[in-house]
Amino acid sequence: MSWFTDRHFFLLAVAVYGVSTVYSVFLWRKGFRKDDHINYLLLLVAFTLHTVAMFQRGFSFNQCPVNNLYEATTFLLWALVAAYLAVGLLPRLKFLGAFASPVLFAVGVFALMPSLDPPRGPQPEFSGALTSLHAATIMLAYGAFGLGAVAAGMFLTQQHDLKFHKLRAVLSLMPPIQRLETITSRLVFVGLVLFTIGLDAGGRLPRPEYTAYWTDPKVVWSIFMWLVYLALLMVRRIFPQSNRRFAWGVVVAFIFLLLTFWGTNLLSTLHHP
Amino acid sequence: MNVVVIGLSHHSSPVELRERFAFAEAKIPEALKLLRESGIAAEAVILSTCNRVEIYAATALEPVRAFAELKKFLVTVHAYDMALGDELYTLVEPQSLHHLFKVACGMDSMVLGETEILGQLKKAYDLALQHQHTGARLNKAFQRAFNVAKHIRTETNIQRGSVSVASVAVELAEKIFSSLTNREVLVIGAGETSEKTARALLSRGARSIIVVNRSHDRAMALANELGGRAVPFDDWGAEFEKIDIAISSTSAPHHILDRARLEPLMKARQQRPLLLIDIAVPRDIDPEVNFLENVYLYNIDDLQAIADGYLKQRKEEIARCEQIIAEKVKGLLQSKHENRGWKIEDGTSGSPSSILYPPPSL
């Protein structure tokens, strides 16, 4: 089985994400009329394969597998699925999967691009528990932000349908918008806490000589993202009525995070020496 | 021995006739006893609701004879002396079983897919079972009917959604609020539909009802009935700070709530979500308010459109349900033929005795 590498397991996981995406299209078309377990099971299977892939990679280097863009992306997706599987246990929240699957599949295909996972050189200079904590908490934070964006997307869809008296608003089994709103803000809050821990752990890591820290694009970008999410929560607290704008903010922030994540990684000398 | 059905329902007869043939619940055991003692049926269940009166019987008699005796029984015990035509329907196997399953699933009900009939059918069966008027055949047929109803409820959309305006309003509220517990409801104008809607919301956990009406006495009366409180008509705006749902059904010729009036009220209630149900014609609430953040306005046509949508969905499911029922009836009849498990040795296969019915008190 040695020819069957962690990348093969991840490929299988992405294939199942693809199946889940196709299945989700049918759920969308049916209007979420029946509490659906199939998609949850599909994502559970994909998550298992995904976990195997990550563990295999992690054990082979004895550290948290977040050393290049491929690993960071797969970790991010893994965190998103883990968050979904936890939240999906609550009644009527399994439909989050139908909103999450297309993102998982698209980003998963992107992660499989060979250039993102170059052959590994010597053991990275900075390894150990703090690095793993830094990387893992930040990726879990991205997972929470991602699922928050998915819940916000559900909120916006359902709210629009209710406002414009669409029949599918009542025909669907989606959760009430108030609950979706609560879930969104809680996920963003959890994400922000994890992000804070991760950034703090990153700040405590030994810095390589002759590398700028405060001007490193990834550091600047991370602090910017941290401020964005903090501002979203603050605005939400000050103006509780603007739930729609908050939901849009969460969706846009995560899209921005996804679109800029790889670019800042490539530009960062700290993260991409 | 066959399972047969004789009865009349909203499909075949008007309420004036149905009420003549209705059985009081307390009298049913006596009627069942009479049916069995007379030799017409070995087992029997009587279902008597506002929409149907039916006798399900397992009988060894030839169908023609059995129906003649059952009809005579019905006419005699209810002292009905007029001619009966198509109002009374009679069914033999497999149609009788098919009918039983359809009734259990709410497919023969006035409101397609309603679930109340299943409870009534269970109650009718339990009553017969308690008094030992059922046996292997009816037990198996009824239990299978209850299973089919459960299967259909979970596998199809025939029972999904609400087809009345009041239930649709409740369903909408459940799509907006995490829970209806502790929600405050304001009823503006004490009309029948708003009363029904308020009751439905209360049954789902709404905390209290505030009633305002031009006639304060009427408001007080309704508030007392619903366990809420009445407020003078001109003060209803002050209540907006506390409420989550408002149902309006006044006879005002103009809008009593418009955007200009609601905007400051929404600020006062810190923009919490507000569901407005406007069932008045002409409308009480200006449609413009729906453009305000966190305000969800539905008028009578919107609610009716949702109810109609549900009904359409239910109708689309009929073919699927019919197919499931046909398969289940086939399965039941197959098991009957295979193991003859429905055999009842009760000696009732002979001719019915001369039936001496009691006076028409049943």
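Author: Then the cut-off comes first: a residue is buried if 20 or more other C-beta atoms lie within 10 Å of its own, with C-beta atoms placed from the backbone. Keep in mind that this is a predicted model.

Reader: Fine. What share of chain A counts as buried?

Author: 44% of its 273 residues.

Reader: And what secondary structure does chain A have?

Author: Nine helices and zero strands. From the N terminus on, the elements of chain A run α-α-α-α-α-α-α-α-α.

Reader: What about contacts in chain A between residues at least 6 apart in sequence: how many join residues at least 24 apart?

Author: 81% of those contacts.

Reader: Take helix 2 of chain A. Which residues are buried there?

Author: Asn39(A), Tyr40(A), Leu42(A), Leu43(A), Ala46(A), Phe47(A), His50(A), Ala53(A), Met54(A) and Arg57(A). They pack against helix 1 (6–30), helix 3 (69–87) and helix 4 (96–111) of chain A.

Reader: How does the end-to-end span of helix 2 of chain A compare with what it should be?

Author: It agrees. The helix has 24 residues, 38–61, so at 1.5 Å a residue it should span 34 Å, and its end C-alpha atoms are 35 Å apart.

Reader: What follows helix 2 of chain A?

Author: Asn62(A), with a positive phi near 60°.

Reader: Now helix 1 against helix 4 in chain A. What's the geometry?

Author: They pack at an angle of about 145°, and their axes are 8 Å apart. The crossing of these two helices is left-handed.

Reader: Which residues meet there?

Author: From helix 1 of chain A, Val14(A), Tyr17(A), Gly18(A), Ser20(A), Thr21(A), Ser24(A), Leu27(A) and Trp28(A). From helix 4 of chain A, Gly97(A), Ala98(A), Ser101(A), Pro102(A), Leu104(A), Phe105(A), Gly108(A) and Val109(A). By class, the residues of this contact are nine nonpolar, seven polar and no charged.

Reader: Switching to chain B. What's the strand order in the antiparallel sheet?

Author: 2-3-1-4, four strands in an open sheet. Strand 2 (43–48) and strand 4 (89–91) of chain B each have a single partner strand, so one side of each is left without a neighbour in the sheet. Neighbouring strands here are turned by 15° against each other on average, direction ignored.

Reader: How many bridges pair strand 1 with strand 3 in chain B?

Author: Eight, between residues 2–9 and residues 52–59 of chain B. In that pairing, Asn2(B) stands opposite Thr59(B).

Reader: Which strands of chain B do helix 2 and helix 3 of chain B lie across?

Author: Helix 2 of chain B, residues 28–37, lies across strand 2 and strand 3 of chain B, at about 145° to strand 2. Helix 3 of chain B, residues 63–77, lies across strand 1, strand 3 and strand 4 of chain B, at about 40° to strand 1.

Reader: And the parallel sheet in chain B, what order does that have?

Author: 7-6-5-8-9-10, six strands, also listed as an open sheet. Strand 7 and strand 10 of chain B are the edge strands, each pairing on one side only. On average, neighbouring strands of this sheet are turned by 20° against each other, direction ignored.

Reader: What does strand 9 of chain B pair with?

Author: Strand 8 of chain B runs parallel to strand 9 of chain B, joined by four bridges. Strand 10 of chain B also pairs with strand 9 of chain B in the parallel sense, over five bridges. Leu275(B) of strand 9 stands opposite Ile245(B) and opposite Tyr296(B) in strand 10 of chain B.

Reader: How many residues of chain B contact chain A?

Author: 20, in contact with 16 residues of chain A. Helix 7 (165–176), strand 10 and helix 11 (300–316) of chain B each supply at least two residues to that side. Helix 7 of chain B gives the most, with five. By class, this side of chain B has seven nonpolar, eight polar and five charged residues.

Reader: Last one. Where is Glu239(B)?

Author: In the loop between strand 7 (229–231) and strand 8 (245–248) of chain B. Glu239(B) counts as partly exposed because it has 17 C-beta neighbours inside 10 Å. Beyond four places in sequence, Glu239(B) touches Leu186(B), Ile210(B) and Val231(B). Glu239(B) and Leu186(B) are 53 residues apart in sequence, yet 7.8 Å apart in space, C-alpha to C-alpha.

Terms used:
Residues numbered from 1 in each chain as written. Chains lettered and ligands numbered in written order. Predicted model: local features only at pLDDT ≥ 70, side-chain atom pairs only at ≥ 80, totals over all residues. Pairing = 2+ DSSP bridges. Contact = placed C-beta atoms within 7 Å. Nonpolar A, V, L, I, M, F, W, Y, C, P; charged D, E, K, R; others polar. Buried ≥ 20, exposed ≤ 12 C-beta atoms within 10 Å, placed from the backbone. Axes fitted to C-alpha atoms, helices over the stretch in contact; angles between N-to-C directions. Expected span 1.5 Å × (residues − 1). Left-handed = near helix turned anticlockwise from the far one by under 90°.
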